[in-house]
Amino acid sequence: MSLLARFQQLADKPFTSPTPQVCGQITRMIGLTLEAAGLKVALGDNCRVEVSPSHWAEAEVVGFSGDRIFLMPLHSIEGLRPGARVIPQEAASLVPVGFGLLGRVINGVGKALDGKGPLDAEDWVPLAGEEINPLQRHPISEPLDVGIRAINGLLTVGCGQRLGLFAGSGVGKSVLLGMMTRYTQADITIVGLIGERGREVREFIEHSLGPEGMARSVVVASPADDSPLMRLRAAQLTTRIAEYFRAQGKRVLLLMDSLTRYAQAQREIALAIGEPPATKGYPPSVFAKLPKLVERAGNAAAGQGSITAFYTVLTEGDDQQDPIADSARAILDGHFVLSRGLAEQGHYPAIDIEASISRVMPQVTLPEHLQRALEFKRLYSRYRQNADLISVGAYARGSDPLTDRAIEMLPLINAYLQQGMQESMPLSRSQDELALVMSAPQQSPQVGNMMVSGVRR
């Protein structure tokens, strides 16, 4: 092509001026909150902040006041200087999903933490999932086998149910989660370790999940030293990955440890941008975000998949009236309470049957099974009410027939409620053993020996 022809070709092309890049600057930093000026961005947009000439950090718009924009960084911003440049990102933040994530450990922004190379993502989707019309959700009508005898028999879980695991520190919460991860009859398991100790991440993967459990699981980890925004995103990413597999028609088990750390991360962000505290230091936005996260789990439309979710809730000082615990109880479909007193007695899993409830159990069990479970709880509760009198010998046998039977049945009741860490108890066998216990006219060595097999002493 001649030089004249090339000039003619360039002349025929329409002239387009380059799009100018909008750039703001950091004017103030308080705690973890950055204040920027000179930007036209929306709430939730992502920006890049110049920490040094060779290093840029990602940040999210979390608030604004007039022409001032409040940003929360995802990573460390050590070395940040006044007047640092801030550049908005045009593309929305996308996260990886797909079956290639099975067996992998990722952080809150979808980057691999396990050193196994790049992720084999089938798709990249927005972090926020689509809302489901509540009238289009399939009702919970099918039981889910979690492999725990006390839960299968007395607190039966339904596919698509959302439950809270209320516990203080050191009462066997992580062990119970690991047992459910290994034994639950689900197609895919999504585990979110939010705001916990970094040491626990590897321990949970190696000891609780194991190679077999990890092969069908995705772990999203954001330890306590991550920024509050990273912890917030990790919880949302955990839910988003579960939503993807539900859309593929899979029965998904979602375990999030813990919902309390998610609430605390949102509290840090809200207080940093000036939101006033309300209940015990928690701003109102915390209680607005909790149901938005929890409501994303559950059943989809008929014929599609389901997400059965367990959220751990830390009860500081074993206070069941903690504001997060109280709010979670109201928005979940049931809760299991772990008792420190039972744990100190060596009773594992330390589930307090009296304080626990599964709100969908009547819909997923037969009437005769429900009746046996209620009778079992009645006997257990009656013994607990009179335990002090019985222990000091002040109770006179014959005073109350129900208490007399509860005393006789106590060894069988305790044997039924306890289970070894490496012991799986299918749903059908849990129901059969409950029927066996409740049909025993008196303390039966044969029944007791059948159930103490594998039970931790």
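This is a predicted model: local features need pLDDT of at least 70, side-chain atom pairs count only at pLDDT 80 or more; totals for chains, interfaces and linings use all residues.
**Domains and their contact**

The chain is divided into three parts, namely domain 1 (24–88), domain 2 (94–365) and domain 3 (370–439). Taken over C-alpha atoms, the centres of domain 2 and domain 3 are separated by 30 Å, and the contact between these domains draws 27 residues from domain 2 and 24 residues from domain 3. Together domain 2 and domain 3 bury about 2,300 Å² between them, with 57% of that area on carbon and sulfur atoms. On the side of domain 2, the residues that lose the most area to domain 3 are Arg 149, Leu 154 and Glu 354, which together account for 32% of what that side buries.

Polar interactions also cross this interface: 15 residue pairs of domain 2 and domain 3 are in polar contact, both residues being at pLDDT 80 or more. Three helices, H2 (149–154), H3 (173–183) and H10 (361–364), each supply at least two residues of the side of domain 2 that touches domain 3, and among the contributors to that side H2 gives the most, with five residues. Sorted by class, the side of domain 2 that touches domain 3 consists of 14 nonpolar, eight polar and five charged residues.

**Salt bridges**

Side chains of opposite charge can pair when their charged atoms come close. A search of the whole structure finds 25 salt bridges, and two salt bridges are found across the interface of domain 2 and domain 3. The table sets out two of the salt bridges in the model.

| Salt bridge | N to O distance |
|---|---|
| Glu 433 with Arg 149 | 3.0 Å |
| Arg 85 with Glu 50 | 3.1 Å |

In the pair of Arg 85 and Glu 50, whose side chains meet in a salt bridge, Arg 85 lies in strand E6 (residues 85–88) and Glu 50 in strand E3 (residues 46–52), so the pair ties together parts that are 35 residues apart in sequence.

**Aromatic pairs**

A pair of aromatic rings is described by the distance of the centres and the angle of the planes. Five aromatic pairs are found in a search of the whole structure, and one of them is the tilted pair of Phe 310 and Phe 336, with 6.3 Å from centre to centre and 45° between the planes. This pair links distant parts of the chain, since Phe 310 belongs to strand E17 (residues 306–314) and Phe 336 to strand E18 (residues 334–337), 26 residues apart.

**Cis peptide bonds**

Asp 257 and Ser 258 are joined by a cis peptide bond with omega of about 10°, and Ser 258 is found in the loop between strand E15 (251–257) and helix H6 (259–272). A cis peptide bond also joins Tyr 348 and Pro 349, where omega is about -10°; Pro 349 is found in the loop between helix H9 (340–344) and strand E19 (357–358).

Notes. Residues are numbered from 1 along each chain as its sequence is written. Side-chain values use heavy atoms; hydrogens and water are left out. Domain bounds come from an automatic or database domain assignment. Contact means heavy atoms within 4.5 Å. Buried area is the accessible area (1.4 Å probe) that two parts lose on being put together, summed over both. A salt bridge is a side-chain nitrogen of Lys or Arg within 4 Å of a carboxyl oxygen of Asp or Glu. A polar contact is a pair of N or O atoms within 3.5 Å; within protein, one must be able to donate a hydrogen and the other to accept it, and residues adjacent in sequence count only if both atoms are side-chain atoms. Helices (H or I, at least four residues) and strands (E, at least two) are DSSP runs, numbered from the N terminus. Ala, Val, Leu, Ile, Met, Phe, Trp, Tyr, Cys and Pro count as nonpolar, Asp, Glu, Lys and Arg as charged, and the others, Gly among them, as polar. Rings of Phe, Tyr and Trp (its six-membered ring) pair if their centres lie within 6.5 Å; planes under 30 degrees apart count as stacked, over 60 as edge-to-face and the rest as tilted.
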